[in-house]
Every structure is written in structure tokens, then in C-alpha cells.
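This briefing is for a reader new to the structure shown below.

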Amino acid sequence: FELSSGRQRLIVNSGVDSLYRETYREMARMTAAHSTLVLGDANSTAVLINGKLGTGVGEVEVDRRSIDLDHGKATRIEASHDGYAQRFGLLHRRILILRDDGSELRGEDLLIPSGRKGKRGKVPYALRFHLGPQAALKLSDNGRGATLSLPDGSYWQFITGAERLESEESLWVDGEGRPHPVEQLVIQGLVSRGGGNFSWLLKRMG
């Protein structure tokens, strides 16, 4: 997903312009270049040498509805894909709840066993949130949150229930094909092949 605050980009994917497609094609098509969950440091769908797509996502489900919350309404989106089912036996499902005034986005990423019999062992996972080129990042002292400041003076708080939130370098390519160094928030570790869930919150402060 991507999220903006007014005209300012807050969460992005590594965009790419068609004129520079050859330069950034491989990077932009990687699952890790998007603000989503990655399993085993692998693409959810294989990208072949000739640029065509190989095996991976075969089924996608999406549900969108309006819901009532305390002090207002929100849009709830639930989506899933089976791109990791064959390799890791897990489906990725993401639930997003965005308040209608745009002040809060709640997210939950779930890994659900795809077969009747769950597989044993653990697999590396990484939840990535690539930041917009004008978003300034400051991690909290407890390692479970961050403050994102924007040029207009507004700021957002990112909170997670994970044990540790980290930052890494990233790259965002604008509409004219120019690359910009940016940062990304990363939650990573090992998850059981029996499934797991990760909750997080983006909230505008002040």
C-alpha cells in the first residue's frame, strides 16, 4: 500500500518510470521493494530473466467495506494472496482500517497455513514500510515505534507490537526516473510455519 498526508508521500513503494524501466526493472519488481510482507527474502511471484513472471501468486482475494468506529467511520480492506503457499505453506492476509478523516491507519498482517496440515519449522519474515522522500524518521527509545516528520510541520507516529523496529536504507524513483535515497521501517524475525500475526498503527499526531 501507499499512504499520503495531503500532498506529501508518507509510505511509498519503489516507483519506476517507463523511460528508465531497464535500469530499475529488477529492483522495482522485487516484493521487498514494496511496503508489504516478505517471506524467506523471496519474491511472492518469480521474476524470470526475460522479464516475464513465473510461478507464484495464483489467487488474490479482496474485500472492502465501510465500518463504524468510535468517533467516526472508516474503510476496512482485507486482502490476501497465495504467492508463498507452495514454498512455505503460508498465505499472506493484510487487513487495513483507515479512518475517513485520514488521521489513522491500523494494519494487521496475518500468515495463515494454506493446507490442512501445517508445516513444521520457521521461516524468516520482514515487514517493510518504505518512507516518502520528504519524511524524516526518528526511532523511539524503546525500539517499538517511530516518529515520521513531514515538511509541513505535521508528524505521524508508527507503533508496533513487535519486539523490535529497525530502519534501513531504501530507494524511491520519481516520475521522471530520478532515484532518491530514502529510509524504510523494518520489522523482521522468524515466524512459525504454523502461522502468525503482526499488528501496527500509523497515527497523525497533533
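Leu-150 sits in the loop that runs between strand 10 (145-149) and strand 11 (155-160); strands (E, at least two residues) and helices (H or I, at least four residues) are DSSP runs, numbered from the N terminus. With a relative accessible area of 6%, Leu-150 is buried. Here buried means under 20% relative accessible area, exposed means over 50%, and partly exposed lies in between (1.4 Å probe, protein chains only). Leu-150 and His-81 are 69 residues apart in sequence, and their C-alpha atoms are 33 Å apart in space.

The model is predicted: local features need pLDDT of at least 70, side-chain atom pairs count only at pLDDT 80 or more, and totals for chains, interfaces and linings use all residues. Residues are numbered from 1 along each chain as its sequence is written, and side-chain values use heavy atoms, with hydrogens and water left out.

**Another buried residue**

- Ala-126 belongs to strand 8, and its relative accessibility of 7% makes it buried.
- Between the C-alpha atoms of Ala-126 and Gln-8 there are 25 Å, and the two residues are 118 residues apart along the chain.

**Positive phi outside glycine**

- Asp-41 is not a glycine, yet its phi is positive, at about 55°.
- The loop between strand 3 and strand 4 holds Asp-41, which is exposed at a relative accessible area of 66%.
- His-71, also a residue other than glycine, has a positive phi near 65°.
- His-71 is placed in the loop between strand 4 and strand 5, and at 82% relative accessibility it counts as exposed.

**Salt bridges**

- Side chains of opposite charge can pair when their charged atoms come close.
- A salt bridge is counted when a side-chain nitrogen of Lys or Arg is within 4 Å of a carboxyl oxygen of Asp or Glu.
- There are nine salt bridges in the structure.
- One of them joins Arg-128 and Glu-168, whose closest N and O atoms are 3.2 Å apart.
- Arg-128 is in strand 8 (residues 122-131) and Glu-168 in strand 12 (residues 166-173), so this pair ties together parts that are 40 residues apart in sequence.
- Arg-128 is buried at 11% relative accessibility, whereas Glu-168 is partly exposed at 29%.
- Glu-104 and Arg-99 also meet through their side chains in a salt bridge (3.7 Å, N to O).
- In that pair Glu-104 is buried at 9% relative accessibility, and Arg-99 is buried at 18%.
- A salt bridge of 3.6 Å, N to O, links the side chains of Arg-164 and Glu-166.
- Arg-164 is exposed, with a relative accessible area of 53%, while Glu-166 is partly exposed at 27% relative accessibility.
- Arg-76, Glu-78 and Arg-93 are connected in a network of salt bridges.

**A nonpolar surface patch**

- Val-57, Val-60 and Val-62 make up a nonpolar patch on the surface, and together they have about 260 Å² of accessible area.
- Patches take residues with over 30% relative accessible area and no salt bridge, joining like charges within 9 Å and nonpolar side chains (Val, Leu, Ile, Met, Phe, Trp, Tyr) within 5 Å.
- Accessible areas come from the Shrake-Rupley method with a 1.4 Å probe, and for residues only the protein chains shown count as cover.
- Val-57 is found in the loop between strand 3 (37-39) and strand 4, and it is partly exposed, with a relative accessible area of 32%.

**The largest pocket**

- Rolling a probe the size of a water molecule over the atoms shows where empty space is left.
- On a 1 Å grid over the protein atoms alone, probed at 1.4 Å, a pocket is an open set of points with protein on both sides within 12 Å along at least five of seven lines; lining residues have an atom within 4 Å of a point.
- The volume of the largest pocket is about 530 Å³, a volume being the space filled by probe spheres set on the points, which are joined across faces, edges and corners.
- Its lining has 23 residues, and His-34, Thr-36, Ser-44, His-81 and His-92 are those nearest the centre.
- At least two lining residues come from each of helix 1 (21-29), strand 4 (60-69), strand 5 (72-81) and strand 6 (90-99).
- Strand 5 gives the largest share of the lining, four residues.
- By type, the lining consists of 10 nonpolar, 11 polar and two charged residues.
- In this count Ala, Val, Leu, Ile, Met, Phe, Trp, Tyr, Cys and Pro are nonpolar, Asp, Glu, Lys and Arg are charged, and the others, Gly among them, are polar.
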